[in-house]
Amino acid sequence: MPADPLHRAGSPQRSTTNQPPRGSAVSAVEVRRSARRRRTVSAYREGDRTIVLIPARMSEAEEQRWVGVMLDKLAAQESKRLLGDAELAERAEYLSDQYFEGRARPTSVRWVTNQNTRWGSCTPAEGSIRLSHRLQGMPEYVVDYVLVHELAHLLVPGHGPRFWRLLEAYPRTERARGYLEGVVAADRLPHLPAARSE
């Protein structure tokens with residue numbers, strides 16, 4: 001969400017800085033409470049920080065819940081901005097540095113449209129990584145998980161215990177896998193015919 005100059009004016013009643021969920025690319029979350037704000041909650045990115053604006057009367061529990069909701073909302077909006085192949089390669093480099101000390105260095109990372117039964121693939125001998133176009137528009141942490149998965153294959157080709165230990169470095173592995181399993185399950189559900197209007 002773009003920065004709202006109206007909400008920046010004046011001093012907030014209380015400002016706290018929290019650490020974001022592990023695996024988030026954002027370094028800090030700042031919560032600003034306002035007595036003028038009655039019901040609405042909003043958030044925007046400011047450099048490497050996320051600013052969440054909430055009503056002053058909100059409880060700590062409500063604050064924590066809304067921070068999570070707004071972080072997910074921002075992440076979903078950001079993931080809708082489609083990454084090109086160059087940005088995807090940059091993201092892979094960042095993730096390799098973050099989780100594998102830069103040891104996984106692909107020679108190419110790109111989107112492909114011919115992978116309909118898998119989310120990504122890697123050819124370790126060539127150093128190439130391909131992600132299915134079906135991931136475009138999914139939350140950033142899901143795309144990151146698939147990239148981390150394929151980067152791990154550059155270090156360990158199979159799916160043995162050593163491979164899964166590598167993936168433990170990415171803190172949102174289980175959440176991303178659950179998301180992808182949900183997408184697969186939804187695709188398998190029978191599609192009901194559209195209701196006829198009378």
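Mentor: Searching the whole structure turns up seven salt bridges, a salt bridge being a side-chain nitrogen of Lys or Arg within 4 Å of a carboxyl oxygen of Asp or Glu. Please keep in mind that this is a predicted model, in which local features need pLDDT of at least 70 and side-chain atom pairs count only at pLDDT 80 or more, while totals for chains, interfaces and linings use all residues. Residues are numbered from 1 along each chain as its sequence is written, and side-chain values use heavy atoms, leaving out hydrogens and water.

Let's start with arginine 33 and glutamate 63, whose side chains meet at 2.8 Å, N to O. Arginine 33 belongs to strand β2 (residues 28-34) and glutamate 63 to helix α2 (residues 60-80), so this bridge ties together parts 30 residues apart in sequence. Helices (H or I, at least four residues) and strands (E, at least two) are DSSP runs, numbered from the N terminus. Both arginine 33 and glutamate 63 are buried; buried means under 20% relative accessible area, exposed over 50%, and partly exposed in between (1.4 Å probe, protein chains only).

Helix α2 also supplies aspartate 72, and helix α6 supplies arginine 175, so their pairing ties together parts 103 residues apart in sequence. Here the closest N and O atoms are 3.1 Å apart. Aspartate 72 is partly exposed at 37% relative accessibility, and arginine 175 is partly exposed with a relative accessible area of 37%.

Next come aspartate 144 and arginine 91, joined by a salt bridge of 2.5 Å, N to O. This pair links distant parts of the chain, with aspartate 144 in helix α4 and arginine 91 in helix α3, 53 residues apart. Aspartate 144 counts as buried at 2% relative accessibility, and arginine 91 is buried too, at 16%.

Arginine 91 has another neighbour worth a look: leucine 147 touches Arg91, and its other contacts (heavy atoms within 4.5 Å) include Leu88, Val109 and Leu131, not counting residues up to four places away in sequence. Leu147 is also one of the residues that touch the most other members of the largest nonpolar core, which has 30 residues. Such a core is a set of buried Ala, Val, Leu, Ile, Met, Phe, Trp, Tyr and Cys residues joined through side-chain atoms within 4.5 Å. Among the elements giving two or more residues to this core are α3 (85-100) and α4 (140-155), and α4 contributes the largest share, nine residues.

Finally, Glu30, Arg32 and Arg49 are linked in a network of salt bridges.
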